[in-house]
Structures are given as C-alpha cells and as structure tokens.
Amino acid sequence: MTPLPTVCVIGAGSSGIAAAKALHERGFEFDCFDASDRVGGNWVFKNRNGMSSAYRSLHINTSRRRMEFSDFPMPAAYPDFPHHTHIAEYFDAYVDHFGFRDRITFETLVERVERRSGGGWDVTTDRCGTRSYDALIVANGHHWDPRWPEPAFPGRDSFAGVQIHSHHYTGEDPDFFRAKSVVVLGMGNSAMDIAVEASFVASDVYLAARRGAWVIPKYLLGRPMDSVPLSPRIPFAVRRRAQEAMLRVLVGDMERYGLPKPDHGFLEAHPTVSDDVLSRIAHGEIVPKPNIAELTERTVRFTDGSEMKADVVVYCTGYKVTFPFLDPGLISAPDNDLPLFRRVFHPDVGGVYFIGLLQPIGAIMPLAELQSDWVCDHLAGRYRLPPERELRADIEAERRAMFKRYVASKRHTMEVDFEDYVLGVRRERVRGERRAAGAGRALSAAPPVPA
Ligand SMILES: Cc1cc2nc3c(=O)[nH]c(=O)nc-3n(C[C@H](O)[C@H](O)[C@H](O)COP(=O)(O)OP(=O)(O)OC[C@H]3O[C@@H](n4cnc5c(N)ncnc54)[C@H](O)[C@@H]3O)c2cc1C
Ligand SMILES: NC(=O)c1ccc[n+]([C@@H]2O[C@H](COP(=O)([O-])OP(=O)(O)OC[C@H]3O[C@@H](n4cnc5c(N)ncnc54)[C@H](OP(=O)(O)O)[C@@H]3O)[C@@H](O)[C@H]2O)c1
C-alpha cells in the first residue's frame, strides 16, 4: 500500500488544531508548529507570539453553538457569547480531549517554506532546522497583521497624541482612555467594541467611518441572532429580504441613530455586530462622524469640515493577509486577495492547503473542521479535484459573485455564507469522491498541479 503523505501544519490556532486533529485521527505522519507556547492563537489574550488581537473585554460575536466544533460542544455552563478566556480554554480542552497535544511543537516559528523541485516542501523553523514534507497546511491566521490607513492621513506625523491600531489595544490600562478625547476609526467589530469601551471613561468618543454599516444586535427575539440559520436552498435574495425586514422592525434605520446610511444593501458587507454601540450613541456617549480628513497637532478634522480636539486615535482598519514564510512570488495575497478553490486549494501550486482562510457570515471553526476533513480525503486519495478548466471556472464564478455582492474593500476578498459554503463543499466532495474512485484513488499531495 502507498504510504500516506507526510504533512506540516503551520499554526495551532483554532484552524490549525482542527487540521491536526483530522490528521491525527486519520493516521497521518505530521508535524504542527506554533510560534506560541499554547494553542488558541488569537483567543489567547496577550499571546506571547504577539499575534493576538484580543482585548481584555473581548467576547465572541458568533454564538457558541455556531462556533463550536461538531464533535466537541462548548460546556453547557458557557453563556451564548463567551469571554475570550472561555474560548481559549475550550480550544485547549479540545486538544486534550482528542489526545494530539504531543503532535504540536510549541514555541517554534516557521521561518521559511520552500517548494522542492520534485514535489513537497522544505520547512525551516527557528528551533528544528529544516524538515521535508509531502504536503503543507497553512493555518497561520489572518487577523494578526494590522492594516493601517493607506495612505496615512495628512498630518499623521504632526499629531501629538497617541495613534494605535486595534491589534495593539489590550484594554488593560484603565487610564488609556480616561478623560481623553478619543477618535475611533472604522465600522467593523473592533471599532464597535473599542468605541463602546472608551465611551465609559473617555471625555468624548467620536466614531469615524468612511461608510455606514448595518449594526446587528447579538440577540433577535430573545435568541442569538445566528441561531436560526436560513436554509441555503432558499434563494439568497429571499433570505436577505427576510433578515433585513426583521432588522428594520427591531432596530430601525441607522440614520435614526445619527450613523451614516449604509451605501450598500444588508449582508453586502461583513456583519457588524453590537448590542451596545447604538445605545451608547443614543446616550450621546459616542458621536458618529464621517471619515478622518487630516490630523493636526491636537485635533482631528473630519471630511464634513468639523474639527475636534483629540488625544487618542484608534485605527480599527482591519488586517492584512500575509504568509511571511512563503516566497511571495509563489504564494501571496496582495490586497488580501488569494484566489483558491473553495477557499482551500491553490489553483497553481499543488500540495498546499489553506485552513480557516475565509470570512464567513457565521463562525470560522466548524468550516475549518470541514475543510480539514476534506483535505485529509484529498491527501488519502479519496477525493480528487475537478479538471483544471472546471476548477478555474469555479474559482472565477465564486469570485465574480462575491465581488458583485460585497462593497469593494480589502475586507471583502474571502467572504462566504456559512450554510451555503457547507452545502457547496459537501456536494463537491461527493463529486470528487466519484472522480477519485474512477481514478483508482491515487494519493494526491505530491503532484505540482493538483489532481
Ligand atoms: C478581535 C477578534 C475577534 C474575533 N471574533 C470572532 C468570532 O467571534 N467568531 C469567529 O468565528 N471569528 C472571530 N474572529 C476571527 C478569527 O480569525 C478567528 O476567531 C480565529 O482566531 C481564526 O483562527 P486561526 O487558527 O485561523 O488563526 P489564529 O487564531 O490567528 O491562529 C494562528 C496561529 O498560527 C500561529 N502562527 C502564525 N504564523 C506562524 C509561523 N510562521 N510559525 C508558527 N506558528 C505560526 C500563531 O502562533 C497562532 O497560534 C475574530 C478576530 C478578531 C481579531
Ligand atoms: N467581538 C468580536 O467577536 C470581534 C471583535 C473585533 C473583531 N472581530 C472580527 O475580526 C475581524 C476584523 O475586524 P475589524 O473590525 O478589526 O476589521 P474589519 O472588519 O476589516 O473592518 C475595518 C473597518 O475599517 C474601515 N477602514 C479600513 N481602512 C480604512 C481607511 N483607510 N479609512 C477609513 N476607514 C477604513 C473599513 O471600512 P470599509 O468597509 O469601507 O473598507 C471597516 O469599516 C472580523 O472578522 C471581525 O468580525 C470580532
């Protein structure tokens, strides 16, 4: 019998541990490297790898039932939207429950990965030298490399106050915002959380945005808003109309709160979820503003011409998708864009798989689990990719639909609808299993062009 390919997993965050668990259970020989001393990645507050974007008060915004792995429920005592400490404990317990901690090499940074001429990969780490593998699973996360405003706002260098990116905000220093005049830029989830937090201690909080967002509460009709998924068999337009109607009835128009009217339809941007921001705006504790136009030594001027004294500016302007260990000539994501077949398989480079590199409307973890199982099938020869033309056409069709639907932004390059993605992958796996059976189930990690 042909031996199974050897595999290297980069990262032991929630995506990497999903991959490692699947490989472990399927009997693959593999290494999983993580720069940190523990699993959990982003969910380990003040992670010693310096890559966590968690702040002290962070709670998940996808409910726990949405986020948990299918075969390892979160403890019943957890609330619907647990604190980051609970989430980190949950991922840690997952590894022990399935018994693969010894397969993870901690405190080991993958520095360089090179494709070998005959297929496979040479992986160089800071502690284990260079090792060769047939296949590579990339699970290094995509919310750790801060994207500052590009280009920087005029006057950035003359501003005398503090400028910080949300990635570096920990919420630990009680005086950081106290009695200060704070400008928070962005309408994503980081901006919501940080503006709300600042609003309890700062003298003024201005929430600046270049476009509006539909702010979705965590609960609708007494249930977590993501606990009643609508079937992907219902046309998207119908699902969207139903959800938008419910939001309009229960929350109302954003303009009523003084926020800019969204320049896009509901679900045409990554969801902004907050129970608190509208209430803090209603209390006058957060004041909406348009985009920043420029900074002076002591003030921020906004695009409507208004100018406010400012001590702190928090840029909640998102993240870059980067793979510092890969040759950018081979694989990179300029402007966060990396076309992949169903967000896993690279169309030009075989033997490399991406786990968790997607932005679901819903949680990442169960999708990372699904992807991991699928990758194991591919590695074991039980699943075969479609022919190249079909594969490229599929990627193109998916991208066309995504870019057409979503607001043009570097944050909308890998959006998927949770239920639709699951259904699409399930169907594709059935087709690929038939193709594999027809091809005699050849092991498929090594060839440079995926089969
Ligand atoms: C503030 C915040 C809140 C969020 N809330 C939610 C939420 O509620 N629900 C949700 O679904 N998603 C949420 N997300 C999205 C987030 O991406 C996922 O929750 C999750 O962290 C993804 O896991 P991951 O394993 O892909 O990446 P990460 O959690 O970033 O883990 C990556 C791991 O790879 C390791 N690594 C990276 N590079 C190397 C290297 N070169 N060598 C060795 N190890 C390496 C890191 O040490 C880390 O452990 C949130 C993101 C942020 C920033
Ligand atoms: N509680 C939680 O669970 C929680 C908390 C925080 C973050 N998260 C998750 O973490 C991920 C990252 O969220 P995020 O909020 O940090 O980033 P994000 O979703 O990428 O949002 C970035 C925001 O900054 C704006 N922006 C970017 N560049 C700008 C510029 N130059 N000038 C003005 N505005 C600019 C974007 O506007 P455009 O839309 O116009 O590009 C957008 O509003 C998301 O998946 C999010 O759901 C979750």
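Helix 4 (residues 189–199) gives the largest share of the shell around ligand 2, three residues. Helices here are DSSP runs of H or I with at least four residues, strands are E runs of at least two, and both are numbered from the N terminus. This is a predicted model, where local features need pLDDT of at least 70, side-chain atom pairs count only at pLDDT 80 or more, and totals for chains, interfaces and linings use all residues. Residues are numbered from 1 along each chain as its sequence is written, chains are lettered from A and ligands numbered from 1 in the order written, and side-chain values use heavy atoms, with hydrogens and water left out.

Let's stay with ligand 2. There are 27 residues around it, and N189, S190, R210, R211 and S409 come nearest; a residue is near if one of its heavy atoms lies within 4 Å. By class, the shell has nine nonpolar, 13 polar and five charged residues. Ala, Val, Leu, Ile, Met, Phe, Trp, Tyr, Cys and Pro count as nonpolar, Asp, Glu, Lys and Arg as charged, and the others, Gly among them, as polar.

Here are some polar contacts, meaning pairs of N or O atoms within 3.5 Å:

| Residue | Polar atom in | Distance to an oxygen atom of ligand 2 |
|---|---|---|
| S190 | side chain | 2.6 Å |
| C316 | backbone | 3.1 Å |

On its own, ligand 2 has 910 Å² of accessible area, and the protein covers 88% of that (Shrake-Rupley method, 1.4 Å probe).

On a 1 Å grid over the protein atoms alone, a cavity is a set of points where a 1.4 Å probe fits but cannot get out, a pocket is an open set with protein on both sides within 12 Å along at least five of seven lines, and lining residues have an atom within 4 Å of a point. Points are joined across faces, edges and corners, and a volume is the space filled by probe spheres set on them.

The second largest pocket holds about 550 Å³ of space. Helix 5 (236–250), helix 8 (388–405), strand 24 (415–417) and helix 9 (418–438) each give two or more residues to its lining, with helix 8 giving the most, seven. Of the 25 lining residues, E398, E415, V416, D417 and D420 lie nearest the centre. The lining splits into 13 nonpolar, two polar and ten charged residues.

The structure also has two cavities of 30 Å³ or more. The largest cavity holds about 70 Å³, and its lining includes W214, H264, F266 and E268.

Note on methods. A polar contact is a pair of N or O atoms within 3.5 Å; within protein, one must be able to donate a hydrogen and the other to accept it, and residues adjacent in sequence count only if both atoms are side-chain atoms.
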